[in-house]
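Here is a short tour of one structure, written for someone who likes cut-offs spelled out. Take a look at the model first, then read on.

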Amino acid sequence: MRSTTNARESKSHCNELLHTIVAIASAKPDKDTFAFVRRHAQWRARRHVPLIASLHAYRLAHRIYWALSREALQPRCKERAAMQSLTM
């Protein structure tokens, strides 16, 4: 049960993160853009989930979202320098 709850929270949090990235990129962020981060931190603290676990998840999510964004932009990019600027 506990791992199911953790997985559900993680999926929900990643979904909120992706929506926030898209909203920021399209210049349509919510008024309180990072409220979902505070909610997740509270959830994590109540369940004694180590901060390092969340930070690692953020790093992985950002790496994946970055790679997907870069792949999506690559066919549309006409200038090599612009694509190189997107390289991590």
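Arg38 and Asp32 join their side chains in a salt bridge, at 2.3 Å from N to O; the term means a side-chain nitrogen of Lys or Arg within 4 Å of a carboxyl oxygen of Asp or Glu. The model is predicted, so local features need pLDDT of at least 70 and side-chain atom pairs pLDDT 80 or more, while totals for chains, interfaces and linings use all residues. Residues are numbered from 1 along each chain as its sequence is written, and side-chain values use heavy atoms, leaving out hydrogens and water.

Searching the whole structure gives two salt bridges. The other pair is Glu16 with Arg39. Glu16 belongs to helix 1 (residues 2-25) and Arg39 to helix 2 (residues 35-46), so this bridge ties together parts 23 residues apart in sequence. Helices here are DSSP runs of H or I with at least four residues, numbered from the N terminus.

| Salt bridge | N to O distance |
|---|---|
| Arg38 – Asp32 | 2.3 Å |
| Glu16 – Arg39 | 2.6 Å |

How exposed are the partners? Arg38 is partly exposed at 44% relative accessible area, and Asp32 is partly exposed at 41%. Glu16 is partly exposed at 25%, as is Arg39 at 46%. Buried means under 20%, exposed over 50%, and partly exposed in between, with a 1.4 Å probe and protein chains only.

Leu17, Phe36, Tyr58, Ala61 and Tyr65 form the largest nonpolar core, that is, buried Ala, Val, Leu, Ile, Met, Phe, Trp, Tyr and Cys residues joined through side-chain atoms within 4.5 Å. Helix 3 contributes the most, with three residues.

How values were computed. Helices (H or I, at least four residues) and strands (E, at least two) are DSSP runs, numbered from the N terminus.
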